Amino acid sequence: MSKTGLYDLDYAYNPYAGCYHGCRYCYGRAYTRHEEVAEAWGEIVYVKENAVEVLLEEVRRARKGVVGISTITDPYQPIEAEERLTRRGLEILLSSGFEVSIQTKSPLVLRDLDFLSKHRHKVDVGITITTLDPVVARLIEPRAPEPAARAEALRKISAEGIDTWVFLGPIMRGVNDSPEVIGGIVALAAETGSRLYYDFFRMKRGLATSMSLVKERYPEAMSTEHGWRMKVVEIVEKLCEREGIPYEPAFPMRERKSSLLEYF
Ligand code: SF4
């Protein structure tokens with residue numbers, strides 16, 4: 001467990017280094033200490049084999065708080081089906097008085113639904129949905145589960161009475177910034193009683209190369225232009241207000257640290 005400055009979290013539990021989903025926009029690669037993992041993002045995943053033993057020690061000493069599961073990689077990427085480090089971590093944390101906030105793109109989280117449901121007052125689950133279009137999703141998130149599977153997972157989790165949220169991000173210019181695309185995701189949040197967090201593309205080390213295929217089809221995908229962002233914020237806010245769902249930028253300005261490094 002490491003301390004984190006991420007909004008609403010006290011700690012982060014990242015049992016894996018690297019993420020098989022290999023999203024082309026992922027800036028997690030800029031925050032791993034393993035150069036080879038950063039350079040071949042999505043192709044190398046290290047398993048922290050003693051994570052559970054270390055966590056058992058840490059929960060005895062640490063002040064209770066909210067633990068982000070995970071913050072730099074997807075806690076339910078495919079290796080989790082075999083290693084179960086996320087599951088075992090959840091068991092330890094929830095039985096030791098901690099709360100957890102899970103964020104994933106994978107329906108593998110449903111494997112733990114019974115358990116999460118039992119602890120629903122100490123759990124929230126966020127599902128990242130950047131687009132509901134499977135072709136676009138395949139381009140930008142080549143090995144992540146399809147959006148329809150994520151949407152279905154969100155419905156099932158919400159139906160258990162667990163607090164849910166949708167992470168709409170990163171929003172990229174020309175890729176997923178239209179009222180139609182955003183409207184579909186907002187409607188899903190409304191259907192499932194989820195709140196919505198949104199965020200924009202951030203330029204980080206290694207992304208110029210990994211985004212090259214996306215840029216071939218969407219030349220402005222890496223834009224961070226202020227005027228464009230403000231227009232999209234307006235679209236998000238109007239749509240959320242129309243549907244009556246709570247929304248927030250994922251990294252509110254009032255909580256913004258001087259660099260993202262402080263978050264991770
Ligand atoms: S699922 Fe999340 S952590 Fe994994 S590659 Fe995609 S954005 Fe990065």
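Residue numbers start from 1 along each chain as its sequence is written, and side-chain values rest on heavy atoms, with hydrogens and water left out. Because the model is predicted, local features need pLDDT of at least 70 and side-chain atom pairs count only at pLDDT 80 or more, while totals for chains, interfaces and linings use all residues.

**Exercise 1. Determine the strand order of the open sheet and identify the strands at its edges.**

Step 1. Helices (H or I, at least four residues) and strands (E, at least two) are DSSP runs, numbered from the N terminus. Two strands pair if DSSP finds at least two bridges between them.

Step 2. The open sheet is formed by 8 strands in the order E1-E2-E5-E6-E7-E8-E9-E10, with mixed pairing.

Step 3. Strand E1 (2-3) and strand E10 (247-249) stand at the edges; each has a single partner strand, so one side of each is left without a neighbour in the sheet.

Step 4. Strand E2 (residues 11-13) and strand E5 (residues 66-69) run parallel and are joined by 3 bridges. Here Ala 12 has Gly 68 of E5 as its bridge partner.

**Exercise 2. Describe the surroundings of strand E7 and its links to E6 and E8.**

Step 1. Buried means under 20% relative accessible area, exposed means over 50%, and partly exposed lies in between (1.4 Å probe, protein chains only).

Step 2. In strand E7 (residues 123-128), 6 of the 6 residues are buried, so E7 is largely enclosed by the rest of the structure. Val 123, Val 125 and Ile 127 point one way, whereas Asp 124, Gly 126 and Thr 128 point the other way.

Step 3. On the side of E6 (residues 99-104), 5 bridges join the two parallel strands; Thr 104 has Ile 127 of E7 as its bridge partner.

Step 4. E6, helix H5 (residues 113-118) and E7 make up a right-handed β-α-β unit. A crossover is right-handed if, with the strands pointing away from the viewer, the path from the first strand over the helix to the second runs clockwise.

Step 5. E7 also runs parallel to strand E8 (residues 163-171), again with 5 bridges. In E8, Thr 164 is the bridge partner of Val 125, and Trp 165 is that of Gly 126.

**Exercise 3. Characterise Ser 70, Arg 84 and helix H4.**

Step 1. Ser 70 lies in the loop between E5 and helix H3 (79-83). The peptide bond from Ile 69 to Ser 70 is cis, with omega near -20°.

Step 2. Arg 84 lies in the loop between H3 and H4. Its phi is near 55°, a positive value in a residue other than glycine. With a relative accessible area of 35%, Arg 84 is partly exposed.

Step 3. In helix H4 (residues 85-94), 8 of the 10 residues are buried, so the helix is largely enclosed by the rest of the structure. Among the buried residues are Leu 85, Arg 87 and Leu 94.

**Exercise 4. Locate the ligand and classify the residues around it.**

Step 1. The ligand sits in the largest pocket. A pocket is an open set of points, on a 1 Å grid over the protein atoms alone, where a 1.4 Å probe fits, with protein on both sides within 12 Å along at least five of seven lines. A molecule sits in a pocket if more than half of its atoms lie within 2 Å of its grid points.

Terms used. 1 Å grid on protein atoms, 1.4 Å probe; cavity = no way out; pocket = protein on both sides within 12 Å on 5 of 7 lines; lining within 4 Å.
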